[in-house]
Amino acid sequence: MISSLPSFHKGIDVASDVRLKEQLPALTEEIVATYTPDDVINHLGHCPLPSYEAVVEIVLSLKDILYPGYRRKVGLHSGNIRYHVGSTVDSLHDQLTVQIGRALRHEDRIKGNHDDCETETDYEAKGQAMALQLLHRIPELRRVLATDAQAAYDGDPACQTTDEVVFCYPGFAAITVYRIAHTLVELSVPFIPRMMTEWAHQMTGIDIHPGATVGDYFFIDHGTGVVIGETCEIGEHVKLYQGVTLGALSFKTDDDGQLIRGTKRHPTIEDGVVVYANATILGGNTVIGKDSVIGSSVWITKSVSPRTTVVLEKPQLRVRGASETSGADQGNFQI
Amino acid sequence: MISSLPSFHKGIDVASDVRLKEQLPALTEEIVATYTPDDVINHLGHCPLPSYEAVVEIVLSLKDILYPGYRRKVGLHSGNIRYHVGSTVDSLHDQLTVQIGRALRHEDRIKGNHDDCETETDYEAKGQAMALQLLHRIPELRRVLATDAQAAYDGDPACQTTDEVVFCYPGFAAITVYRIAHTLVELSVPFIPRMMTEWAHQMTGIDIHPGATVGDYFFIDHGTGVVIGETCEIGEHVKLYQGVTLGALSFKTDDDGQLIRGTKRHPTIEDGVVVYANATILGGNTVIGKDSVIGSSVWITKSVSPRTTVVLEKPQLRVRGASETSGADQGNFQI
Amino acid sequence: MISSLPSFHKGIDVASDVRLKEQLPALTEEIVATYTPDDVINHLGHCPLPSYEAVVEIVLSLKDILYPGYRRKVGLHSGNIRYHVGSTVDSLHDQLTVQIGRALRHEDRIKGNHDDCETETDYEAKGQAMALQLLHRIPELRRVLATDAQAAYDGDPACQTTDEVVFCYPGFAAITVYRIAHTLVELSVPFIPRMMTEWAHQMTGIDIHPGATVGDYFFIDHGTGVVIGETCEIGEHVKLYQGVTLGALSFKTDDDGQLIRGTKRHPTIEDGVVVYANATILGGNTVIGKDSVIGSSVWITKSVSPRTTVVLEKPQLRVRGASETSGADQGNFQI
């Protein structure tokens, strides 16, 4: 008999106690009552923020024309590439115009220039101008990103072609998004650059703040756990490995105990530097000189002269052979 | 002539050798023969586990009403928010009822209370009761999560508004999922909490066990690589950076060599503590006292008094200038 | 009046300045002009690379038959499993044949054996043979992966059943993809293995090169930040925690300054070894002997005898009590 089937077979058609469901309207009121004007985690009645999905689609479309033929469109050749690029540029123009317009309006609101949607400023006209400026930067972005692909090939013995780099290297994926986002920072587009790099962070485990500046031929290998702070300055031909932090020393606060925002808090890494896995370099006055090498797991808060090698001194380890080990005391280890 | 096209142009219509395809039925039998009753990696003939996709959808719907107006639904205002919340609550009720019912049935089976689907227990009725309890906790969840958003704004000089935090900070995303999952742990819902936090782990690189307890105003910056163990106790106004491990010392085993499960294995972090990048704090008896600061890359297995600062002593480094470096011996570095 | 609505309400129908849009064709030409033959980041006019989406679908389908009943297909039992496996095997055969064919053709092109699509070699016939070989390995893959699931259960006190491991442990997910990819490496399939493990890396933060060799009963707990290099050799019953690097010392270059590729650069980890969080083990001649334990955050570039325990010596820390701390100098910490 059908009705004797366990109720989960019916999927979403839940055999629930109807009296209990009668609580839901009151519960809804209770939740809605928590959406107060001074509540910092609602965005009701305000103009829409940029759409996360639209911003991700913009990045993917930009990658389609930065690296034609690799991922979403195949079978491209000299006979059809013009049409592909033309239609992608056209749709990028429209999407960027809308999303940058939203970001500008949001920025204006939080700066207190207006309370809400009804303003006279034509944010989309401004958005369009910025969108076009970004699109004009694509040839230069391609030039720089080709140097990054070359640096990955040159720096990784497990790599066989730059095709692999473009196709599936997470470091290159993160650098691509960073370079797009940084271009938007240079064009004074708010909010969207950080959305882009946080999406890349989610995909790759590599967190590059869009405000950092980075020279040509940049390579990050493996990359999970890399953090590059907002005010870092990185030269050309720099190579980083997984887990490297280029971070700040403790933050300065003003007389009211508020953080001081906008000063140089993160290090400068000169041309040709290599930083091995899990090294930590901290501080806005810290400069790692040209062609220096920072070894794995090193922790540095002071400047290093050019062409210097810094490695961990022989590690301070406690080594215990089998004969000395008792079953009961396995020492201090970590889950 | 069409037939001269390379066969990959035909996509999935493979020009394969038909005689070779005749191996497939025998191969299928061979694979099916490995699905034996004592096989630990099949789930045949058992009641369905909670659906991964359904659980992710539940989390996304909960975020829609925890943070109205940010992501999936835009254009919400005081005139329409009630309808939006009402319909989301209604569908959450149904989805949670089904999925919690599945988790309870699975739990019962592995505890040996029944072998399979045909049982008298009404798991969905239990699931419905727990679903309603979770929904009643939403106002309290909103209160706590607003403190977490505030803590992120207060603690990050690169942050301009709490909107950014809600919209794209991975630490806040991981804490949101953790707080939902921990509420389910408190309601004794099995299996689903871990599914939720492992999804957050995948998205953010932050692994917070749903069993840990965490006070208000919790902030994790950058976050990739953070691990917070099952029995951690974390106070209010605590701040962690990327790569921090709050872990266990080596595990105790019983007389049969089996791990002892369920004891306090992970540290206690009191109110106001800050733990900088890649620090490791281990052990169930380790207590980091109120307002202490644990520096970057520090490794601790003992308790620290309140208001104490612990940093790495000047690092034991070997520094070699350019003149001393020979081309052949570049020292010990890491890919 | 409709026309007074702010233009963002119209979504993608942008109220942009039409004269500005007239720049787009010239901009398109400018972009297309950068796609030159010596450009390393375009793939125009070449045969298609393997499809990323198709390769991901192949991995998901393989998981459907490696772990029947867990994720995408539910309600499977002894009465219907044969049909499910049979149809999945059939579609896997076709998909693998096409994608391996593409990878072989690409490999041949970059090795200079042909310039482009028009070649006589029947890459799909070769692809089909390799596809069948992979499918014949499924029973052996299931045997090994069952040992990995068991190792996870045996090694994690927070784990209640192997179901949890299969369903949501990221370490197990990464090992599953690695074992599939490594089987393809053994069958000499190019390009696709790395695509697979980079997808797993993105999902889990765990980067296992498909060329590494790994014995039975392998467990990686938490896992974010783990890097296992191409020439690692790992024995049976090995357990790794988050942030562990099994890496290379600095790379050798040849007389032209090019990296030498293909030598053993990464360590050997013998049976029964445990490596705790964030430990770094480097070098192709480094052997960690049987049943040794490497403690959290340890950094090793030399071999370790069997049954040896290596932990950090009492950390070189600077501890400052509350009385000694001035408000102005908070010491050196990290964002």
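This is a predicted model: local features need pLDDT of at least 70, side-chain atom pairs count only at pLDDT 80 or more; totals for chains, interfaces and linings use all residues.
Local features need pLDDT of at least 70, side-chain atom pairs count only at pLDDT 80 or more, and totals for chains, interfaces and linings use all residues. Residues are numbered from 1 along each chain as written, chains are lettered from A in the order written, and side-chain values use heavy atoms, without hydrogens or water.

Start with the symmetry. Two copies of a chain are related by a rotation about an axis and a shift along it. Here a 120° rotation with 0.0 Å of shift superposes chain A on chain B, at RMSD 0.0 Å (least squares on C-alpha atoms of residues with pLDDT of at least 70 in both). That is the relation of a three-fold axis.

Now the interface. Chain A gives 82 residues to the contact and chain B gives 91 (heavy atoms within 4.5 Å). Together they bury about 7,600 Å², 62% of it on carbon and sulfur atoms (accessible area lost on being put together, 1.4 Å probe, summed over both). Chains A and B share 5 salt bridges (Lys or Arg side-chain nitrogen within 4 Å of an Asp or Glu carboxyl oxygen). A:K21 bridges to B:D90, with the closest N and O atoms 3.3 Å apart.

Last, the cysteines. There are 0 disulfides over all chains (cysteine sulfur atoms within 2.5 Å). A:C168 has its nearest cysteine sulfur, that of A:C159, 8.9 Å away. A:C168 is buried, at 9% relative accessible area (buried is under 20%, exposed over 50%, partly exposed in between; 1.4 Å probe, protein chains only).

Methods:
Buried area is the accessible area (1.4 Å probe) that two parts lose on being put together, summed over both.
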